[in-house]
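Please look over the structure below before reading on. The briefing after it is meant for someone meeting this structure for the first time.

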2 protein chains.
Amino acid sequence: MTIDPVKQADLRVALGERSYDIAIGPGLLSRPDAYAGAIHGRRVLIVTNDTVGPLYQQTVADALAAAHDVDVLALPDGEAHKTLGTLNLIFDRLLEGNYGRDACIVALGGGVIGDIAGFAAASYQRGIDFVQLPTTLLAQVDSSVGGKTGVNHALGKNMIGAFHQPTRVLIDVDVLETLPPREFAAGMAEVIKYGLIRDSDFFDWLEANMEAINAREPALLIEIIRRSCANKAEVVVADERETGQRALLNLGHTFGHALEAELGYGTWLHGEAVAAGMCMAADTARRIGWLDGAQVERIERVIAAAHLPTAPPAELESTRIRALMARDKKVKAGELRLVLMHDIGAAVVTGAHGEALDATLNHYFGH
Amino acid sequence: MTIDPVKQADLRVALGERSYDIAIGPGLLSRPDAYAGAIHGRRVLIVTNDTVGPLYQQTVADALAAAHDVDVLALPDGEAHKTLGTLNLIFDRLLEGNYGRDACIVALGGGVIGDIAGFAAASYQRGIDFVQLPTTLLAQVDSSVGGKTGVNHALGKNMIGAFHQPTRVLIDVDVLETLPPREFAAGMAEVIKYGLIRDSDFFDWLEANMEAINAREPALLIEIIRRSCANKAEVVVADERETGQRALLNLGHTFGHALEAELGYGTWLHGEAVAAGMCMAADTARRIGWLDGAQVERIERVIAAAHLPTAPPAELESTRIRALMARDKKVKAGELRLVLMHDIGAAVVTGAHGEALDATLNHYFGH
């Protein structure tokens, strides 16, 4: 598979009256026409954080100024602030400003901002419009698409939230120029995930092009984002509220969420935990007999080439990780369910293969 | 219209895959078959308050015990506790107890419990099942039907929430025996409302039967609840997310919410504020020329017969009430919209008739 340099890609997420477009390209944030049709009322509240805001909020406000009244709310940056308390700061601002049901929230930032601003839009007056302007690779290829919104609880990540689709997603690849290397790598974990769960051609292509991707060549950035979003959109359209195959998008996440919780949120980035989690899932699949050793090595090699961890920290305890995994949203009738690969590009949701899982946990951790 | 004594009435709210049944009758809370089919998983959390819980939670738990693992969470009673903070107590319990996405919340109480427990069900893991067991007349004829859930914010009532339909509503009329007279009357405000907005036959019937209703004759209780729920269900089915005619259910509420906020939540009951608000709406409609004086008098007479106020407290200030009314969720592009009657049984949503509204506010209040 070769890549023709493209200037812009557009995708449509076809969800009936909740359908929306994803635009991917350079310089989108500053283009008034990129927002046209996605914001129905006059008033707009840009919700951002104090890291991203200073870089781009003026650009966005200027692009919207001709057609809208624009205000900005900058939240403190970081996963630690993805709480009900921070959510309430958005409600405070909306209510102090007398925003009506025809207001629109524009989420400018990474996954934390998209999730919390999206949940505010879902809940304010039982639902107002919102637009996603993701500024990290992770948010661009994953969290900004699909309508999952929410906040964390002290006892679990993303445990409180709503399904609420944006009216548009604008993915401006120029913002990736300033993204720190560790955050770029964290986004690549989700990119690789799409190859592993349902797109082996994409996995092959990633394997062959990782060097150019790491160099952030624009045409390749657009391609990895387009292909990732296309994969995600197909899954979401088939199963918007995660009653079935949407759970495949959780490959590596049951392990990863447990790692994040045990290490303390923010110690490892979400993508780093997912990367290690995907390697753990590959290990479990090998123990069941679904993957062979060569495939597992290949997976680990691609993940390592993206500058991501291929194993969790060895000092953790398996009993604690196991207990945290039991909090997973895929648990049904008390039984843990995992996303595991039958093959590269072919994942399934499966009831716990208890022995294989135990062996994996014992392989990576102490007791 | 005469009433045949009925033992039980059943209604269906036809919302596609979100359809559900409303059962109305005596002794429903204690009947295991009444819950059958509405609770899909094993685990149930009854959410109630410390007033209603002691009266009925054991009855409900016993009815569910054969088929489910049941736990109870009793919240502090009262509108003052309908907050994000109290909501979080429900999330705490669900997460501490490792409740999965297949758990069910059973809301046992009045409108506050139904709204907050329903919003918890809407938001926990982005949505779990819930069953409504309304224990006040107000909740039975209004808030338990239609899927509106939410909490209050210091700057506005019901400003944070979700549309989330229950899987069943069980309306046990026996619980009305212990309902204080003032709360019974407050529920009657919403009953009268259905007559005023869309069902003039029902209004006539209420006018003729108010004495027997106030005596809480069981057959009449079942009839007022059935007729109210049927009216509400028809409106909700036509407009689940309130983009159009569902707003008619807000007759008297734009005035009423402002009264509640200005008096301090809990000073007047919601139904009392709505009753006064409906009289104010009738006054505005008369000033426009839609209702005549005789109709307004008739409306006031029925509301008074239900032991409800026909006017707001005169010591309030019109400028403050006006400002609070501007927070209404029906405000669009900055313009206030009101629900007003063209006739008894025929309400419409209308752009502000500024002069008539001003005259109404000046009639009831100082400046």
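The model is predicted.

**How the chains are related**
- Chain B is superposed on chain A by a rotation of 180° with 0.0 Å of shift along the axis, at an RMSD of 0.0 Å.
- This is the relation of a two-fold axis.
- Within chain B, Leu84(B) has the C-alpha nearest the axis, 3.8 Å from it.
- The copies meet through the same surface, because 100% of the interface residues of chain B are also interface residues in chain A.

**Nonpolar cores**
- The largest nonpolar core has 81 residues, and Ile22(B), Met188(B) and Ile224(B) are among those with the most contacts inside it.
- Both domain 1 (9-178) and domain 2 (210-364) of chain B give residues to this core, so it lies between them.
- Beyond its neighbours within four places in sequence, Met188(B) is in contact with residues including Leu137(B), Leu206(B), Ile224(B) and Leu308(B).
- A second, separate core has 80 residues, including Leu196(A) and Leu338(A).

**Strands around β2 of chain A**
- Strand β2 (residues 20-25) of chain A is largely enclosed by the rest of the structure, because five of its six residues are buried.
- β2(A) pairs with strand β1 (residues 9-13) of chain A in the antiparallel sense over five bridges, and Asp10(A) has Ala23(A) as its bridge partner.
- Six residues lie between β1(A) and β2(A) in this hairpin, and Gly16(A) in the turn has a positive phi of about 60°.
- β2(A) also runs parallel to strand β9 (residues 168-172) of chain A, joined by five bridges; Ile171(A) in β9(A) is the bridge partner of Ile24(A).

Note on methods
Residues are numbered from 1 along each chain as its sequence is written. Chains are lettered from A and ligands numbered from 1 in the order in which they are written. This is a predicted model: local features need pLDDT of at least 70, side-chain atom pairs count only at pLDDT 80 or more; totals for chains, interfaces and linings use all residues. Side-chain values use heavy atoms; hydrogens and water are left out. Copies are superposed by least squares on the C-alpha atoms of residues with pLDDT of at least 70 in both. Contact means heavy atoms within 4.5 Å. A nonpolar core is a set of buried Ala, Val, Leu, Ile, Met, Phe, Trp, Tyr and Cys residues joined through side-chain atoms within 4.5 Å. Buried means under 20% relative accessible area, exposed over 50%, partly exposed in between (1.4 Å probe, protein chains only). Domain bounds come from an automatic or database domain assignment. Helices (H or I, at least four residues) and strands (E, at least two) are DSSP runs, numbered from the N terminus. Two strands pair if DSSP finds at least two bridges between them.
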